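Here are my notes on the ligand site, as promised. Have the viewer open while you go through them.

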Amino acid sequence: MIPITYSSEVAQARRDGAAIVALESTIITHGMPYPQNIEVARAVETDVREAGAVPATIAVLDGTLHVGLEEDQLSMLGQAKGVAKLSRADMAACLATGGTGATTVAATMIAARLAGISVFATGGIGGVHKGAEDSFDISADLLELAQTAVTVVAAGAKAILDVEKTLEVLETQGVPVIAVGQDSFPAFWSRESALAAPLRMDNPADIARAHLLRTELGLPGGQLVANPIPKDAEIPAATLAPIIATAQSDAIQAGITGKGVTPYLLQRIFELTKGQSLEANIALVRNNARFAAQIARELRTLT
Ligand code: PSU
Ligand code: MN
């Protein structure tokens, strides 16, 4: 039996058949500094509620899979030191040994699927890292999108990744990558990149229908919805390029590998931009939460 529990709000939403949006917790523990991480996590939950859905932030606490965190659990997680980062490979081991960990995009998708939640909002997904031809560093998030039927709303891929290779892997794995309202693939900090998005949709209803049709077609896996950052929060790619390059060479110098790479780069970019990167990050996550809530509501009217 899976040790799984629901927050009171999510339990009620499940009884009512209400729209629910899953949220990850690695962004809280490894993606943003304290105390902004907790403020952002709360703001994102509020955004989902205001858009007419129920938020389910997912984490493993003391060997139990939590789908939806109570207020005190969220603030405990946001302050805890040395919390594990759980991806597909780590979930069962953490549950078996009574551990505590934050879920990545991959692990959050697994938990959402178990809980019958079809839509998930985050900031950025993991992808193919620059230099992957040597390091083999390709996030498990990409393979999860290929096999778990959850629609993930993100702001495209960060330039800490090799975005072109990330799109190639997603194509190989049969993952639909859908830009919202534009032809170009959004570049996390900036609305546009030089790369065309494989697919474009302009409204949440189409995305919801496509989600259901994939299942009806017998296709496993989810969809990646690439929602551009709000205009007023954009940071020009040229401003960040040298900062990202510095962060990357620092990571190599410091000998960072494996699951340490992404958190290290995010923290370093935060330091090097004196916190500016965080403002943009917050704006785009909140924007994604609102859009995910709209997709979840459309799905509910269709099923
Ligand atoms: N990218 C971000 N912010 C994040 C992450 C990625 O801009 O917080 C986190 C997510 O939880 C994602 C994980 O699933 O990092 C990917 O880690 P890795 O590259 O080790 O698979
Ligand atoms: Mn990795």
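**Notes on the ligand 1 site**

1. Let's start with the domains. This is a predicted model, and the shell around ligand 1 takes at least three residues from each of two domains: domain 1 (1-117) and domain 2 (130-303).

2. Which pocket holds the ligand? Ligand 1 sits in the largest one. As for secondary structure, two elements each supply two or more residues to its shell, namely α2 (26-31) and α12 (261-272). Of the elements, α2 is the top contributor, giving three residues.

3. On to the neighbours. Ligand 1 has 16 residues around it, and the closest are Glu-24, Lys-85, Ser-139, Asp-141 and Lys-158. Sorted by class, the shell comes out at eight polar, four charged and four nonpolar residues.

4. Now the polar contacts, if you want distances to check in your viewer. Asp-141, one of the closest residues, has a polar side-chain atom 2.7 Å from an oxygen atom of ligand 1. Val-105 comes in through its backbone instead: an N or O atom there is 2.8 Å from a ligand oxygen. Gly-124 also uses a backbone N or O atom, which lies 3.4 Å from a nitrogen atom of ligand 1; with the cut-off for a polar contact at 3.5 Å, that pair counts.

5. Last one: how much of the ligand does the protein cover? On its own, ligand 1 has 470 Å² of accessible area, and the protein covers 94% of that.

Note on methods:
Residues are numbered from 1 along each chain as its sequence is written. Chains are lettered from A and ligands numbered from 1 in the order in which they are written. This is a predicted model: local features need pLDDT of at least 70, side-chain atom pairs count only at pLDDT 80 or more; totals for chains, interfaces and linings use all residues. Side-chain values use heavy atoms; hydrogens and water are left out. A residue is near a molecule or strand if one of its heavy atoms lies within 4 Å of it. A polar contact is a pair of N or O atoms within 3.5 Å; within protein, one must be able to donate a hydrogen and the other to accept it, and residues adjacent in sequence count only if both atoms are side-chain atoms. Accessible areas come from the Shrake-Rupley method with a 1.4 Å probe; for residues, only the protein chains shown count as cover. On a 1 Å grid over the protein atoms alone, a cavity is a set of points where a 1.4 Å probe fits but cannot get out, and a pocket is an open set with protein on both sides within 12 Å along at least five of seven lines; lining residues have an atom within 4 Å of a point. A molecule sits in a cavity or pocket if more than half of its atoms lie within 2 Å of its grid points. Helices (H or I, at least four residues) and strands (E, at least two) are DSSP runs, numbered from the N terminus. Ala, Val, Leu, Ile, Met, Phe, Trp, Tyr, Cys and Pro count as nonpolar, Asp, Glu, Lys and Arg as charged, and the others, Gly among them, as polar. Domain bounds come from an automatic or database domain assignment.
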